[in-house]
Amino acid sequence: MLKEGQVRIPSGCAISGMFSKAGKCFNGEAIIKSIEIMHDRSNGLGGGFAAYGIYPEYKDYYAFHVFYDNTAVKKECEEFLHRHFDIVLDSEIPTRKIPQITDEPIIWRYFVTPLPAKLKNSHLDEKEYVVRCVFKVNTRFSGAYVFSSGKDMGVFKAVGYPEDVGRFYRLEEYNGYCFTAHGRYPTNTPGWWGGAHPFALLDYSVVHNGEISSYDANRRSIEMYGYKCTLQTDTEVIAYIVDYLNRKMGLSFQEIASVIAAPFWQTINKMPPDQKARAEYLRNIFGSFLVTGPFSILVGFEGGMMALNDRLKLRSMVCGEKDDMIYIASEESAIRIIEPELEKVWSPAGGVPVVVTLNGGNA
Amino acid sequence: MGINYIVPEYRVVRDPDRCIGCRVCERQCANEVHSFVPQTGKMAADDAKCVNCHRCVSLCPTGALRIVKNEDTFKINANWSNKLMQEIYRQADSGGVLLSSMGNPEPYPIYFDKILLNASQVTNPSIDPLREPMETRTFLGAKTKKIQRDKDGKIIPNASPYLELKTPIMFSAMSYGSISYNAHESLARAATELGIYYNTGEGGLHDDFYQYGANTIVQVASGRFGVHADYLDTAAAIEIKMGQGAKPGIGGHLPGTKIVGDISRTRMIPEGSDAISPAPHHDIYSIEDLRQLVFSLKEATNYQKPVIVKIAAVHNVAAIASGIARSGADIIAIDGYRGGTGAAPTRIRDNVGIPIELALAAVDQRLRDEGIRDNVSIVVGGSCRCSTDVFKAIALGADACYIGTAALLALGCHLCRSCHAGKCNWGIATQRPDLVKRLNPDIGYKRLVNLVEAWTHEIKEMMGGMGINSIESLRGNRLMLRGVGLNEKELEILGIKHAGE
Amino acid sequence: MKRVYVNEKWCLGCHLCEYNCAFAQTGEPDMARALKDKTIHPNIRVEDGDDVHFAVNCRHCDEALCVKSCITGALSKTADGVVTIDQDKCVHCFTCVLTCPYGCILPTEDGAVTKCELCLKTTKGKPACVAGCPNNAIVFEER
Amino acid sequence: MNYVIIGNSAAAVGCVEGIRQVDQKGKITIISDEPYHTYSRPLISYLLCGKTTEELMRYRPDDFYQTNKVETILGQKVTKIDPDAKQVLLESGKTVSYDKLLCATGSSPFVPPMKGLETVEQKFTFMTLDAATALQKAITPASNVLIIGAGLIGLKCAEGIFDSVRSVTVVDLAPHILSSILDEAGAQMMQRHLEKQGLKFYLNDSVESFDHNTALLKSGEKLTFDQLVLAVGVRPNVSLIKDAGGKVGRGIVIDATMQTSLPDVYAAGDCTESHDISSDQDRILALLPNAYLQGECAGKNMAGASCVFDKAIPMNAIGLLGLHIITAGSYEGEEKCVQDKESYKKMFIKDGKLKGYILIGNIDRAGIYTNLIREQTPLSEIDFDMVFEHPSLMAFGRGYRDKVLAGK
């Protein structure tokens, strides 16, 4: 059986996310409850979470979460990491043995910062340096896989139902201002932990429900800009596109939305001239990053979260609001289970992003 | 008259019960195949003159005519085919180079026909183009990614000069001279109505067609015919023609007898002088020379227009394309070996160059590997015969397709491949006024519009079927393709999997 | 009112209009059977010059001299302005031949004159000459 | 508006149709001394030879009067026009008043005084339906018919009865037949044709005296006959206008709008004098097309439109026993002629314009020639040699063809 990266596997999914605009921290119980209610949207072949604001004491360090198949590769990989980073702390990620989660790899966590001399010699900016090191590990060391590499955030994922994955990772012990979750329904059973979602690069994390039709067009285009789509998943390619457009091109999340879920020409044609010119420009220049086919995604990033549907809204996605909390999930039930008394519930239109940030910050 | 070695290729079969002697066939055949015999009161035909253009068949009001392959044959020989033997007789007779027209007709593999398309089932919905927007708008030009913002932080649209197409199909270069005034008018008007572009070829731009400049690509080829400041200024884009799929490495030759009147004026050469396009551009002997010409033309047009470089698909096309992508050109046009021509040496046409499908796949991948695919758009031609050919080309990585032969077919061409004789009965590849008038542009342009609209509808259907609602999501989306009956190497070059994988 | 107009520029002189006209008049389903070995009497006639060809048929003049001159009342105008002929009334005096400025009313070998009636009595829709013209040299439209 | 039309033939019908193009409502009254639905007088010869019937020879459909809302007073002669009172007086004594009046009284056969004519029992004219049917009743297959006059009426009569009688003999003072429309050569050709069919002619001759069934000619020839047809000529019926004080020459004098010298009184048809533009002379053009066109023009003007008819020319289309003649215009100026066994063509050119023509035999597309005369087209503008050879639009300029064929 081929695993992610060797074959493209379509899958159905459930996603959920919750975000405190005030930056109030809460633990992972709620997000587990939320994703659990959508149990039937997953099939036990992958689940995971991204959590933001969970490492306040190490917030200046990149938190690498790594799967190792064995200790040999761990050793090899750690030598690589040592050559490139100052590792301030490394430890096994705490887990809870439960019968539903089996065959776990070695799961390790490192808080790192690039070695200043190495960084300088590389002539790269710090983030690019980190990204390249992550790619090196993931492509060079067979059996090692960095699945989380942002600051003050972390991805927790495994093969299993998402609620079991949450309990396995003891998510109730983490406190953050934002959690996203993903339950997966792949149409085959490779059962590789790295293939579970969220997919993350630096502090960008993506959970996604859908199966995009533009995949290979997007992949072959983003790969020209230094990315290597090792997993052949939609989530991965979307994460890279978001990284490229935001970090490298400096587009805002609103602008990113109008690239990957660009307004239809019939809409653009009705815009005022200067707005039209900008929309046309984005579609012309970044046309290869238009994502078509059904998707609903939650993109987590430092200090914010974006929810976005494909422009035809071919996947369900509901938003809810109460006080400073924003809830977004594939189904309204996943919001009601954790917050029955919502002030506002709505279904964002296709292609219209919902972007939330901490204390109204820029995104 | 010595011995006649040549056996007529076709036979005119006339149904005596249906022929009413209206003599339409006689009046319509520029090759003078048909004649009325007063003694018998019946029509007769001279098979030897028939090129099988089907004009008579199409116009015969009673359906009395059929043109059939002459069953007369030399002794069957798998090595020495009838065709080869006749060619030898012809050359032994004339001492000349064999001439042919239109595209390579030989039975080489057609890769488009060995590629199948995907469609959505269950996990991803197909999209109904009758219900949802289905977008085919295409931009051609460099996709330079330099975000600039004004003082309010708003993006400044600073795209390089580009062409905007309503659908990813353009009419490929066919010169006024090789085709008729009315054919050009049909193309120009159709391109304008369709929101696409047609291409002057190397024949200059007739004064009457400056009005269609916004939908015109002007060509600068090795003969530089008809090139002047207004010509460049009027156009939407400028194409430097380095080569042509039908005859890579070969120049062009329009005999002086055809350089009369408007043709002479439009090409800016004296009446009666031969129009010789040299095989190479004599100011381009290297890629750096090409870069100079690209920038000369950009300088001449104030950096307002995209520059296209057109090359024939030859063996090292990917490397050549890589060079062009770094030359400042905005668009690369690649012409496959099946591309048409008004006249080419038969041996060249039938043996030089490579299939466009392989060339395209190689170029697209090479440019991506080098990270310069966004420097240029890729336009391919050389036998895009139907909407699926266009569709597959785009999925392989093309931005748009040039159609030439298909456009001429829409205008009535029956691929008799006798353009070089100048007696086109359909009024396309001729300058004889009585034949030119057979192509009424009012009809011709509408047929072209119909064709491209029909293809566009089909493209939309196929896009919708695979859950794609904008053409850019198809571009280079090779996962949507599968090969059938292709070997590993072919699949590797095409960058696609075999059906079933 | 829709009329047959001739675009001389596009006439190829193929004479198909004459045959289509003659065929339409027969009411037969098959042209070969209808016209085989027959001399045709089309109501549209092509004039051929060296480089110029054009078809001529009744103009259905607003001030139709033929109708006004007809001594029997066989020629008349329909409400749509189409000049039609009642061949039973015609006595072959040829006053219409005398008056038609375009030579569009034609004596037949055996009896009444014939003229283009825009296929009112033959087919529905387009006149046969227009439907069969390969180059839009004859069109049926409002002008 | 109250329109009254005296007459019920081509000019009257033209007038009705002219009025109705302008005025759908006004009252129209037709008064005629003939008791019939409007019929075509020239068809009486065709009636005799069976090419038409009384039903088919109706000039307009049966519902013509109804459709055009016309009241008819048929079989009543008008005896007087009172232009001051604006009324006409009928022979019954009744008066009909009008706002606008058309006088379309036509013409009558002219019978010159001839010695012994009163002794002839079966004598006829050939002008009206009644006259024709009277003749028809009289003749038998054994009849020998003598026709005085080899003009249009005489010869059409001859043709009409030719197949129904034993012999037809035509006498005319003129040196050749159809002298009003044919030149000598043309007339001879026609005469040969008619003689070949069995018609007998005595030309350059006239009747000295009649004695019952015998006519003695000036030449001394003695002809016996059963029926006599007098077709010497016609005279316009001008008396109503003349008596009312209107201006009358050889016919009723009218202007280009068809108005007589009397206020609100118009005239049209055979009773009037027309201005022949081919000869630039006023003459009587007793022709059906002319009558219609004048009547229509009069009708439009009576109804308040402004219309001028200024393109009158002589023209004739006539077939006699299978040979057709078409002529038009006047025969003056330079002649251009071709003749073969079956056809004859002669053109008359003056001041660079076609003034008249004669076609015998091949008459195809003759209207193209007629149009040259009517429109007074300078022949320098067309390829006259081509058009003389064969009437065609090819001989005209592209501009002309675009106008007439392409509606540009």
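Domains, helix packing and a chain contact

Visitor: How far apart are the centres of domain 1 of chain C and domain 2 of chain C?
Guide: Their centres, taken over C-alpha atoms, are 19 Å apart. This is a predicted model: local features need pLDDT of at least 70, side-chain atom pairs count only at pLDDT 80 or more, and totals for chains, interfaces and linings use all residues. Residues are numbered from 1 along each chain as its sequence is written, and chains are lettered from A in the order in which they are written.

Visitor: What makes up each domain of chain C?
Guide: Domain 1 takes 1-57 + 121-143, and domain 2 takes 60-115. The bounds come from an automatic or database domain assignment. The contact takes 6 residues from domain 1 and 9 residues from domain 2 (contact: C-beta atoms, placed from the backbone, within 7 Å).

Visitor: Why are α6(A) and α7(A) called oblique to each other?
Guide: Helix α6 (residues 215-222) and helix α7 (residues 234-248) of chain A pack at about 45°, axes 10 Å apart. Angles under 35 degrees count as roughly parallel, over 145 as roughly antiparallel, 65 to 115 as roughly perpendicular and the rest as oblique. The pair is therefore oblique.

Visitor: Which residues of α6(A) and α7(A) make the contact?
Guide: A:Y215, A:N218, A:R219 and A:I222 come from α6(A). A:D234, A:V237, A:Y240, A:I241 and A:Y244 come from α7(A).

Visitor: How many residues does the contact between chain B and chain A take from each?
Guide: It takes 35 residues from chain B and 32 residues from chain A.

Methods. Contact = placed C-beta atoms within 7 Å. Axes fitted to C-alpha atoms, helices over the stretch in contact; angles between N-to-C directions. Helix = DSSP H or I, 4+ residues; strand = E, 2+ residues; numbered from the N terminus.
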